[in-house]
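Hello,

Here is the structure I promised to pass on, with a few notes on what turned up in it. Please have a look at it first, and then read on.

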Amino acid sequence: MKKMNAKDILVPTISLFVICLVATVLLALVNNVTKDKIAAVTAANAEAARQSVLQDAKEFKEVDKDNDGTIDYYEGLDASGAVVGYVFDCSGDAKGYGGDVSVTVGISADGTITGIQPDDVSNETPGLGQNSNKDSWKAQFVGESGNLTVVKSDKAAQENTSDGKINAITSATITSKAVTASVNVALDMFEEIGGAK
């Protein structure tokens with residue numbers, strides 16, 4: 001068996017250190033070059049989500065209710081500047097199958113949901129939980145108010161899935177409950193700011 005000397009240890013160690021240093025510097029440079037573009041795309045996607053859930057609004061005004069530097073919600077304004085509804089970006093207490101599920105929720109001034117948009121469900125199960133982004137499933141939230149509950153498909157077939165009942169996505173009850181919990185958070189926030197007047 002060959003006896004190891006200092007050279008046999010130092011050469012690979014220094015080589016790995018240099019490779020890691022170069023990779024770190026390159027990643028930092030790429031991050032520095034792309035961070036503004038990523039921020040702009042993120043902001044544009046958030047604006048598009050707000051517009052899709054509250055289509056009557058022509059612009060959105062950020063509201064920091066407690067002046068802590070964090071946007072609590074958005075007021076949707078029509079062309080004359082009157083409030084037509086509110087948009088909330090929130091996560092519920094329940095986690096989806098792949099982690100936290102945040103949802104953008106539009107609520108009209110009278111307290112009914114105008115639309116929902118799950119923000120990122122790419123971690124949810126493909127073909128199941130990711131179906132929470134399908135328009136046909138999201139449509140059942142529109143016009144609802146109060147506290148929503150999820151019912152499984154077999155129960156939904158026997159019951160009317162209105163009056164606060166949301167039909168679960170087949171084989172994706174966890175995701176359905178997470179999205180609905182986030183929507184309920186938005187409805188609670190709506191009530192906290194004064195609710196329908």
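Let me begin with the largest nonpolar core: among its 23 residues, Phe 88, Val 105, Ile 113, Ile 116, Phe 141, Val 179 and Val 183 touch the most other members. Such a core is a set of buried Ala, Val, Leu, Ile, Met, Phe, Trp, Tyr and Cys residues joined through side-chain atoms within 4.5 Å, where buried means under 20% relative accessible area with a 1.4 Å probe, protein chains only. At least two residues each come from S3, S4, S5 and helix H4 (173–192), and H4 gives the most, with 6 residues. (Helices are DSSP runs of H or I with at least four residues, strands are E runs of at least two, and both are numbered from the N terminus.) A second, separate core has 6 residues, including Ala 57, Phe 60, Tyr 74 and Val 87.

A word on the source: this is a predicted model, in which local features need pLDDT of at least 70 and side-chain atom pairs count only at pLDDT 80 or more, while totals for chains, interfaces and linings use all residues. Residues are numbered from 1 along each chain as its sequence is written, and side-chain values use heavy atoms, leaving out hydrogens and water.

Now the sheet. It is open and antiparallel, with 5 strands in the order S1-S2-S3-S4-S5; strands pair if DSSP finds at least two bridges between them. S1 (59–63) and S5 (113–118) each have a single partner strand, so one side of each lacks a neighbour in the sheet. Between S2 (73–77) and S3 (83–91) there are 4 bridges, and Gly 76 lies opposite Gly 85 in S3.

Best wishes

Terms used. Buried means under 20% relative accessible area, exposed over 50%, partly exposed in between (1.4 Å probe, protein chains only).
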